[in-house]
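Please read these points with the sequence and the model open beside you. They are meant as a colleague's notes for a first reading.

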Amino acid sequence: MFYIGFDIGSSSIKASLVDANTGKAIFTLQEPSEEMQIVSSHTDWAEQGPEVWWKHICAASRRLLGENKIESEHVKGIGIAYQMHGLVIVDADGNVIRDSIIWCDSRAVNLGEEAFSKIGEDLCMEHMLNSPANFTASKLAWVKQHEPENYKRIHKFMLPGDYIAYKFSGDFTTTISGLSEGILWDFKNSEPAGTVLNHYGIDKNLIPTIVDTFGVQSKVSEKGAEESGLQKGTPILYRAGDQPNNALSLNVFEPGEVATTGGTSGVLYAVTDSLKASEGIKLNNFAHVNHSPEKPRIGKLLCINGCGIQYRWLKDILNLSQNSYEVMNSYASKVPIGADNLQLIPFGNGAERMFDNRTIGSHISNLNLNKHGQGHILRAALEGIAFSFVYGMEILKKDNTQINVIRAGNDNLFRSEIFSETVATLINQEIEMYNTTGAVGAARAAGKADGAFDFGTMVSQNDYVQTFTPNQETSKYSEAYERWKTTLNTLLRNPKD
């Protein structure tokens, strides 16, 4: 018997098959083979067709069954992870009214900022733990303001994962975790955020039925079975946005546990039981997958845009495109800690939330043409990105966040001993690395909901790679970090954006 997990990204759909007895990932695939198109008809707009997601979900589902010679009745349940903050609107017949306004679309920024001011910053932080910002509620308000005829036709609005669950089952449902990522959940009153809905003039009846994150949310309908190849009656057992799901995939559930990834951008996702947020402008607070009013579990999400993109840029600009990241790390390892006082500020990928949405750019400081070579640049880049993670963790700690356990995905940055050791040393905390994916996590979450196995045991038995421990030469790392912060603070004092 098996569980299937789907991860709906903006680039592709990933699907995984997990053994129901062992939790072991059997097979993972991607649909389509090339990236899905993001439509940007205006500056800062980003849209995708929800029907396209469903088409690729069905193709992935049929491939999983066919290529593994598995009968549909052997699938015990479905888990769904999805790109966060998107807006899908449908009419009374369940037809999509317009393309989804997805996570990276920024057309509603001004509406969110205005709402934050008019509702009141203190009230927003006390009840929603966030500014409405550019999230789902503000995108829906944009539709109401700019496309009133479309808005009048809305029967339900949904997040991307809600829509896929609807296509499988025919039921309109959502979760508390999902509503929180749209800034549509009032944590203080444990109900949909009436304050935000009233400010935007949105009818609360447009919200789908709220179901638990774990458990039988709905079942595959006859139509859903016909299109996906799965058996009618197969339960949808789990649903969550990609960042909470990534944390789940790394077995991060409890206060003090932190999930981190270092891809094109970097993410710190720390779980806490606190319903207070003092640094909410710099980070976001969402209901984690195991949140309940009786037992709060909040995921504090801090993003670092200038991250792996910096290292990839260096690989290309130094004409190292034919060499692996391991070779780059080897060059960097020949240079001492602190890169002989060469510093690299990595924030060259747009505005950074942790700097109050300022665009400070990427900078090289203290370059000595007589001393510094290729290895110095690479070491300074790895250290600079690592320092940005440490800086982000300091912001989390200011927000009364405990950091006891850090678990990382097995991506390019965390495979670098220099990078991982630098972070581990400066925060004096081991970093555990695991090789897993969001689709595998979603499939295992379905098994967790079904009571098939102990989730933490499955992760440790199947995915553990290694642990990075703090280096004993603490002072050298600390001195290099302080020099880097001095350079950063000089840039931050510069009034130019």
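**Notes on the model**

1. Strand 1 (residues 2–8) is largely enclosed by the rest of the structure, because seven of its seven residues are buried (buried means under 20% relative accessible area, exposed over 50%, and partly exposed in between, with a 1.4 Å probe and protein chains only). Strands (E, at least two residues) and helices (H or I, at least four) are DSSP runs, numbered from the N terminus. This is a predicted model, in which local features need pLDDT of at least 70 and side-chain atom pairs count only at pLDDT 80 or more, whereas totals for chains, interfaces and linings use all residues. Residues are numbered from 1 along each chain as its sequence is written, and side-chain values use heavy atoms, with hydrogens and water left out.

2. In a regular strand the side chains alternate between the two faces of the sheet. In strand 1, Phe2, Ile4, Phe6 and Ile8 point one way, while Tyr3, Gly5 and Asp7 point the other way, and all are buried.

3. Strand 1 pairs with strand 5 (residues 75–82) in the parallel sense over seven bridges (two strands pair if DSSP finds at least two bridges between them), and Gly5 stands opposite Gly79 there. With strand 2 (residues 13–19), strand 1 pairs in the antiparallel sense, over seven bridges, with Phe6 opposite Ala15; these two strands form a hairpin with four residues between them.

4. Helix 6 (residues 160–169) is mostly covered, since nine of its ten residues are buried, among them Tyr163, Ile164 and Phe168. The helix is followed by Gly170, which has a positive phi, near 85 degrees.
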